[in-house]
Amino acid sequence: MRLPQGSFHLIARSIADVGPDFDVESLHEDDIDFFVERSFDTYFTERGLFGTVDEAARMVERLQGIGVDEIACLIDFGVDGKVALDGLQTLNELRLRYQ
C-alpha cells in the first residue's frame with residue numbers, strides 16, 4: 001500500500017522527527033504499515049476522544065489532571081454525514097458530564 005507523500009509525511013512527523021530529506025518512496029511497505037499502525041494507535045489511545053462516553057471520559061479526566069480546561073474536536077466529514085452527526089450526540093453526553 002502506498003500513501004500519498006503528503007499524507008505519509010504527516011503520519012511520520014506525528015511519530016518521530018523526520019528531516020526535510022525524508023523520502024517516503026525509500027521505505028518498504030512493512031515500514032509504512034508500521035508507521036500507519038503506530039500513528040493510529042497513538043491517536044486512538046493518547047490523543048483523541050474515541051469510543052464510548054466512558055472511554056472518552058478517561059481522556060477528559062487525564063486532560064483535566066494536567067490543567068486543560070477546554071477541548072476542541074475535529075469532525076471527520078469524510079464519513080457518512082449521518083454517522084458524523086450521530087457522533088455529536090455521544091460527544092454532547094460527554095460534554096454534559098463535565099459541564
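**Entry 1: before starting**
I am working with a predicted model. I keep that in mind for every entry below.

**Entry 2: the core**
I looked up the largest nonpolar core first. It has 5 residues: Val53, Ala56, Ala57, Val60 and Leu94. Helix α3, which runs over residues 53-65, gives the most to this core, with 4 residues.

Next I picked Leu94 and asked which residues it is in contact with, leaving aside its neighbours within four places in sequence. I found Leu49, Val53, Ala56, Ala57 and Val60.

**Entry 3: helix α3**
I wanted to know how far α3 reaches from its first C-alpha to its last. With 13 residues, α3 spans 18 Å, close to the 18 Å expected at 1.5 Å a residue.

Then I went through the burial of its residues. Val53, Ala56, Ala57, Met59, Val60 and Leu63 are buried in α3. They sit on the same side of the helix, because they cover an arc of only 160° around the axis. Turning the helix over, I noted exposed Arg58 and Gly65 on the face away from the buried side.

What do the buried residues of α3 pack against? My note says α2 (29-46) and α4 (81-97). I also checked what comes just after α3, and there Gly67 takes a positive phi of about 95°.

**Entry 4: salt bridges**
I searched the whole structure for salt bridges and got 2.

One joins Asp54 and Arg97, with the closest N and O atoms 2.9 Å apart. Asp54 belongs to helix α3 and Arg97 to helix α4, so this pair ties together parts that are 43 residues apart in sequence. Are these residues buried, exposed or partly exposed? Asp54 counts as partly exposed, because its relative accessibility is 47%. Arg97 counts as partly exposed at 43%.

Another salt bridge links Asp86 with Lys82, and here the closest N and O atoms are 2.9 Å apart. Both residues lie in helix α4, 4 residues apart, which I noted as about one turn of the helix. Asp86 is partly exposed, with a relative accessible area of 34%. Lys82, at 55%, is exposed. The cut-off I needed here is that exposed means over 50%.

**Entry 5: aromatic rings**
I then turned to the rings, and the structure holds 2 aromatic pairs. Why is the pair of Phe40 and Phe44 called stacked? The ring centres are 5.4 Å apart and the planes meet at 20°, and planes under 30 degrees apart count as stacked. I placed Phe40 and Phe44 in helix α2, 4 residues apart, about one turn of the helix.

Their accessibility came next. Phe40 is exposed, with a relative accessible area of 51%, whereas Phe44 is partly exposed at 40%.

Phe44 also forms a stacked aromatic pair with Phe50, 5.2 Å centre to centre and with 20° between the planes. Phe50 counts as partly exposed, its relative accessibility being 39%.

**Entry 6: looking back**

Terms used:
Residues numbered from 1 in each chain as written. Predicted model: local features only at pLDDT ≥ 70, side-chain atom pairs only at ≥ 80, totals over all residues. Heavy atoms only, no water. Core = buried A, V, L, I, M, F, W, Y, C linked by side-chain atoms within 4.5 Å. Buried < 20%, exposed > 50% of the residue type's maximum accessible area, 1.4 Å probe, protein only. Helix = DSSP H or I, 4+ residues; strand = E, 2+ residues; numbered from the N terminus. Contact = heavy atoms within 4.5 Å. Expected span 1.5 Å × (residues − 1). Arc of directions from axis to C-beta. Salt bridge = Lys/Arg side-chain N within 4 Å of Asp/Glu carboxyl O. Phe/Tyr/Trp six-rings, centres within 6.5 Å; stacked < 30°, edge-to-face > 60°.
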